[in-house]
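Here is a protein chain to get to know. Look at the fold, then work through the questions below.

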Amino acid sequence: MKAITVAGAVIRNNEQMVLCALRSGNMTMPGLWEFPGGKLEAGEAPEETLVREIREELGCAIDVGELIEDVVHDYPSVRIRLLTYWAIVVEGKPCANEHEQLLWLPSERLHELEWAPADLPTVVHIQRM
Ligand SMILES: Nc1nc2c([nH]c(=O)n2[C@H]2C[C@H](O)[C@@H](COP(=O)(O)OP(=O)(O)OP(=O)(O)O)O2)c(=O)[nH]1
């Protein structure tokens, strides 16, 4: 099976709300919520991937903090290793340039959304904090 490594940013604001992003119709897995981010390019550290992808997808600058979860999940045709990291916005305001929708949600309400399956360990981790 094809295997890819993906980084996802759990962006938190001052009110302890987390930025959730809805995958759009021209992405794979449309209609599922995710942490914005994307695939690591060759030679890239996950933190660098996140700064690059968030600038492209959301049009803002972030600082990346600690690793939250390192999860391997098998989808029908691809094995994904998803690394999630805490992040904060340091410049600009997140805009849905590629996503269907963005939503700031209090961390204890994350379970109300339908997440990409690989994200569930991160969602559980955040909700237990
Ligand atoms: N960015 C991101 N991708 C995730 C998460 N959870 C999860 O299963 N994925 C999957 C969806 C995609 O198959 C892959 C990430 O690819 P990507 O976001 O770079 O997407 P892409 O535009 O390059 O590729 P694609 O949508 O055409 O698959 O990881 C998540 O929280 N964030």
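Q: Over residues 1–127, what percentage of the chain is strand?
A: This is a predicted model. UniProt places the feature "domain: Nudix hydrolase" at residues 1–127, in an unreviewed entry. Over that stretch the end C-alpha atoms are 32 Å apart. Helix takes 17% of the chain there, and strand takes 43%.

Q: Which are the edge strands of the open sheet of 3 strands?
A: The sheet has the order β3-β2-β7, with antiparallel pairing. An edge strand here pairs on one side only.

Q: Which residue of β7 stands opposite L19?
A: Strand β2 covers residues 17–22 and runs antiparallel to β7. The two are joined by 6 bridges. Opposite L19 stands W104.

Q: How many residues lie between β5 and β6 in their hairpin?
A: β5 spans residues 61–74 and β6 spans residues 78–91. They pair in the antiparallel sense over 11 bridges. Between the two strands of the hairpin, the count is 3 residues.

Q: Which strand gives the most to the shell around the ligand?
A: The ligand is surrounded by 15 residues, and the closest are G8, T28, E34, G38 and A118. β1 (2–11), β4 (37–39) and β6 each supply at least two residues of the shell. The top contribution is 3 residues, and it comes from β4.

Q: How many residues of the shell around the ligand are nonpolar?
A: Sort the shell by class. The charged residues number 3 and the polar ones 4. The nonpolar residues number 8.

Methods:
Residues numbered from 1 in each chain as written. Predicted model: local features only at pLDDT ≥ 70, side-chain atom pairs only at ≥ 80, totals over all residues. Pairing = 2+ DSSP bridges. Helix = DSSP H or I, 4+ residues; strand = E, 2+ residues; numbered from the N terminus. UniProt positions renumbered as here; feature names shortened; annotations may be inferred. Near = placed C-beta within 6 Å. Nonpolar A, V, L, I, M, F, W, Y, C, P; charged D, E, K, R; others polar.
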